[in-house]
Each structure stands twice: as C-alpha cells, then as structure tokens.
Amino acid sequence: MAGLLALSRTIDRINEFIGRWVSWLILLAILVSAGNAVIRKVFDTSSNAWLELQWYLFGAAFMLAAAYTLKQNDHIRIDIVYGMFSRRVQHRIDLLGHLFFLMPFVVLMVIYFVPYVSLSFRSGEMSTNAGGLIVWPAKAILLVGFFLLALQGVSEIIKKIAIMRGDMDDPTPFISAHEQAELEAKALAEEAKALAGEVRS
C-alpha cells in the first residue's frame, strides 16, 4: 500500500501544480476578451481568431483544472441523501462511484480522443470560421484534461481504499451544505463582532 500511496501523492502534486497555474488562463481570457471588445468598438474591426482564443483559454482552464477540482473534492454533488450516511458509507459510495462511473467514462474519453486528436493534427484541421485558429490544440486540451482526470481518479481510488483500511486520515472530511452554511454564518458573526469592537475603540 505504501507504494500505491506514493503514486497517489505524485499524481496529486502534478494535478495541484497544473490546477493552480491554469487558473491564470481565466485572467488571460478576460484580457483577450476586453482587448477584443475595445478594438471592435474603437476601430470597428474584429477577428474570429481572438474570439476562438477566448474559447480555447476558457476550455483549457476548465479541462485542465478538472483533475485538481476532483482532488479538492469540489465537484458539485447532491448531498441531500449522501449527507445522511456515516462517513464510512460515504467512502464506499465514493469508491464505487469512482470505479464504476468516473473511471469507465474518463478512460473511454481518452481512448476516443487519441485518434480524434491524431487525425486533426495530421490533417492540419482549421476552424470553419473565416480567420479562425487551428483546431487540433483545442482537441488536444480535451485529451490531456481527460487523461489528468483519469490519473486523479486512480489517486482517489487509492486514497479511498487506504482511508477505509485505516492506512491514512481522511484529507477531505465531508461537511454538509447545512453545516457549511452554519460555519459561514458563525464566521460572519465573529467578523462583525470584531469590526464593531474596533469601531467602539
């Protein structure tokens, strides 16, 4: 198990590094969007390449950060029923979900995208929009995103098994939406009390 946990930590570090850095692509996309809007209004001209670059940047940020989001346990889930179970049962649900839903899907997408990207690259596929960009980098981002998500799925499976065996602590203890709201309300109340104390002094 020690070797598998070492593999899991390596995968986590890779996806954490990528996830943190691709967040800057959102800022870059905003700057491209703002620049394109200014040029269109001031000079009455525009370019499909700039518009497509925005889509590429947003798509890259979304796809390349998906594995990091899974690592942080921040994917949207409906926890109305999930939150009713003990943490041990929740771990079993997560493990089964990773094994029978996440992994088959991401592996299938990786298998599907390899020839899809390869064909696009070899043909030099271009956008159908006038003045648009080459297409294969966008398709390659999809492939890389699903590959990283598959790797993180392996890491999460290893960690779930290790947690259930008692070989490691739970890195992401579950907090229901109700508990989260209570914690946020308590933090806001304490902040307001501290602010009121500063005003009085």
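**Entry 1: Y116 and K139**

I started at Y116. The charged end of K139 sits over the Y116 ring, 4.0 Å from the ring centre. I note here that the model is predicted.

I then counted pairs with a cut-off of 6.5 Å between ring centres. The count came to seven aromatic pairs. I looked at Y112 and F113 among them: their centres are 5.5 Å apart and their planes lie at 75°, an edge-to-face pair.

**Entry 2: F113 and F146**

I stayed with F113. Is F113 buried or exposed? F113 is buried, with a relative accessible area of 6%. I then checked its partner F146. The two ring centres lie 5.9 Å apart and the planes meet at 15°, so I logged F113 and F146 as stacked. The cut-off for stacked is under 30 degrees. This pair links distant parts of the chain. F113 belongs to helix α6 (residues 87–123), F146 to helix α7 (residues 136–165), and 33 residues separate them. I also checked burial for the pair: both F113 and F146 are buried.

**Entry 3: annotated segments**

Residues 95–114 are 100% helix and 0% strand, with end C-alpha atoms 27 Å apart. Residues 53–70 are 94% helix and 0% strand, and there the end C-alpha atoms are 26 Å apart.

**Entry 4: helix α2**

I moved to α2, residues 24–43. This helix has 20 residues and spans 28 Å from first C-alpha to last, close to the 28 Å expected at 1.5 Å a residue. Which residues of α2 did I find buried? A29, V32 and N36 are buried. They cover an arc of only 60° around the axis, so they lie on the same side of α2.

I then turned to the face away from the buried side. There α2 carries the exposed residues W24, L31, K41 and V42. What covers the buried residues of α2? The cover includes α3 (48–64). Last, I looked at the chain just after α2. D44 takes a positive phi of about 55° there.

Methods:
Residues numbered from 1 in each chain as written. Predicted model: local features only at pLDDT ≥ 70, side-chain atom pairs only at ≥ 80, totals over all residues. Heavy atoms only, no water. Phe/Tyr/Trp six-rings, centres within 6.5 Å; stacked < 30°, edge-to-face > 60°. Buried < 20%, exposed > 50% of the residue type's maximum accessible area, 1.4 Å probe, protein only. Helix = DSSP H or I, 4+ residues; strand = E, 2+ residues; numbered from the N terminus. Lys NZ or Arg CZ within 6 Å of the ring centre and 35° of its normal. Expected span 1.5 Å × (residues − 1). Arc of directions from axis to C-beta. Contact = heavy atoms within 4.5 Å.
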